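My notebook is open and the model is loaded. I will jot down what I look up as I go.

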Amino acid sequence: MELQQMRYVLAVAETNSFTRAAERCLVVQSALSHQIARLERELGARLFERTSRRVRLTAAGAAFLPAARQCLDAAERAAAEVAAAVGEVRGRLAVGLIPTVAAVDIPEALRDFRQRYPHVRISLRVGASEELVERVTQGALDVAFLGLPTTARPRGVAAHELARDRLVAVVAPDHPLAGAPTVDLRRLSSEVFVDLPAGTAGRLQSDQAFAAAGLDRDVAFEVTSADYIARLVRPGLAVAMLPSAYAPQLEGVVTIEVSDAPARVEYIIWSRSRPPAATAFLTVLGIPVDRDNS
């Protein structure tokens with residue numbers, strides 16, 4: 001079994017096409033097909049069902065895929081470790097982030113990193129904090145930027161606190177509250193809200209604050225994007241609460257200080273078995289990595 005055969009299987013699985021997989025792998029289709037057929041004979045099972053219309057994984061292929069990915073990742077990490085040992089940083093850097101990260105200018109940080117380490121391939125994934133923690137734990141992400149309530153802390157990963165921030169109310173320009181210098185949770189509880197899905201870390205901080213104050217609120221709209229929150233606030237469909245450091249990025253809305261606002265903490269987290277590229281990225285950000293806290 002060869003790594004290249006695994007790469008071919010992965011390419012076919014992701015493209016659902018031997019033709020497109022061959023194009024991605026820069027080989028002729030006959031060579032790719034031959035190598036996969038050879039692997040199937042070695043394994044004693046078909047990995048793909050092939051018809052004139054489509055290609056799809058068999059049960060054996062679906063079982064083979066996760067281990068194949070792990071092997072390829074391990075090989076890539078081994079090559080990166082060797083490069084690091086001779087003073088080069090190569091390989092990949094997989095970064096996760098919440099949409100409202102504000103403590104770090106991510107594009108600026110990636111620009112600085114790329115200037116220093118041009119041979120590292122970078123991928124970005126935007127998601128919810130709890131999802132990002134899980135993916136770092138699984139090794140699918142190397143580092144991630146989170147926002148959590150003050151009552152929570154990342155578990156199972158190394159973490160560094162970046163900043164603390166309070167939420168502000170976000171309303172339409174013609175909303176009756178738009179000219180108010182401050183507002184409190186009791187007044188806001190009478191409004192219709194747009195927020196992140198229930199149960200997510202980004203939603204929890206607001207839910208906890210209203211519950212602690214003995215207040216109910218009507219969250220009529222649930223969305224997964226902070227940008228789309230603003231799109232619903234802008235025409236007056238709802239109001240929202242977002243981190244004060246992030247809110248200035250939004251256009252066409254008005255922000256108001258909330259006197260009893262909940263707070264959130266921004267963290268950067270990483271796997272304890274971080275690859276050299278992740279260590280280099282943390283160093284560029286000025287994050288201490290001499291000891292990994294959890």
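**Entry: R135**

I started at R135, which sits in helix α6 (residues 129-138); helices here are DSSP runs of H or I with at least four residues, strands are runs of E with at least two, and both are numbered from the N terminus. I am working with a predicted model, where local features need pLDDT of at least 70, side-chain atom pairs count only at pLDDT 80 or more, and totals for chains, interfaces and linings use all residues. Residues are numbered from 1 along each chain as its sequence is written, and side-chain values use heavy atoms, with hydrogens and water left out.

Leaving aside residues up to four places away in sequence, R135 touches R125, A140 and L141, where contact means heavy atoms within 4.5 Å. I also checked R135 against A62: 73 residues separate them in sequence, and 20 Å in space, C-alpha to C-alpha.

**Entry: the whole chain**

Next I stepped back for the overview. The protein chain has ten helices and twelve strands, and its C-alpha trace spans about 70 × 50 × 30 Å along the principal axes. Of the 294 residues in the protein chain, 45% are buried. I looked at contacts between residues at least 6 apart in sequence, and 71% of them join residues at least 24 apart.

**Entry: residues 1-58**

An unreviewed UniProt entry lists residues 1-58 as "domain: HTH lysR-type"; UniProt positions are in the numbering used here, feature names are shortened, and annotations may be inferred rather than shown by experiment. In the model, this span is 62% helix and 10% strand, and its end C-alpha atoms lie 19 Å apart.

How do α1 and α3 pack? Helix α1 (residues 3-15) meets helix α3 (residues 29-43) at an angle of about 110 degrees, with the axes 9 Å apart. Axes are lines fitted to C-alpha atoms, for helices over the stretch in contact, and angles run from 0 to 180 degrees between N-to-C directions. I therefore noted α1 as roughly perpendicular to α3, the class for 65 to 115 degrees; under 35 counts as roughly parallel, over 145 as roughly antiparallel, and the rest as oblique.

From α1 the contact uses Q5, Y8, V9 and V12, and from α3 it uses L32, Q35, I36, R38 and L39. I sorted these residues into six nonpolar, two polar and one charged. Nonpolar covers Ala, Val, Leu, Ile, Met, Phe, Trp, Tyr, Cys and Pro; charged covers Asp, Glu, Lys and Arg; the others, Gly among them, are polar.

A21 is buried, with a relative accessible area of 0%, and it touches A11, V12, T15 and L32, not counting residues up to four places away in sequence. Between A21 and R7, 14 residues apart along the chain, the C-alpha separation is 9.5 Å.

**Entry: positive phi**

Most residues other than glycine have a negative phi, so I looked for exceptions. N16 is not a glycine, yet its phi is positive, about 55 degrees. N16 lies in the loop between α1 and α2 (18-25) and is partly exposed at 45% relative accessibility. L26 also has a positive phi, near 60 degrees. L26 is in the loop between α2 and α3, and is exposed at 74% relative accessibility.

**Entry: aromatic rings**

I counted five aromatic pairs in the structure. Rings of Phe, Tyr and Trp (its six-membered ring) pair if their centres lie within 6.5 Å; planes under 30 degrees apart count as stacked, over 60 as edge-to-face and the rest as tilted.

F113 and F281 pair edge-to-face, 5.5 Å centre to centre with 90 degrees between the planes. The two are 168 residues apart, with F113 in helix α5 (residues 106-116) and F281 in helix α10 (residues 276-284), so the pair links distant parts of the chain. F113 is buried at 0% relative accessible area, and F281 is buried at 1%.

F281 has another partner in F145: their ring centres are 6.5 Å apart and their planes at 90 degrees, so this pair is edge-to-face. F145 belongs to strand β5 (residues 143-149), 136 residues from F281 in helix α10. Both F145 and F281 are buried.

Technical notes
Buried means under 20% relative accessible area, exposed over 50%, partly exposed in between (1.4 Å probe, protein chains only).
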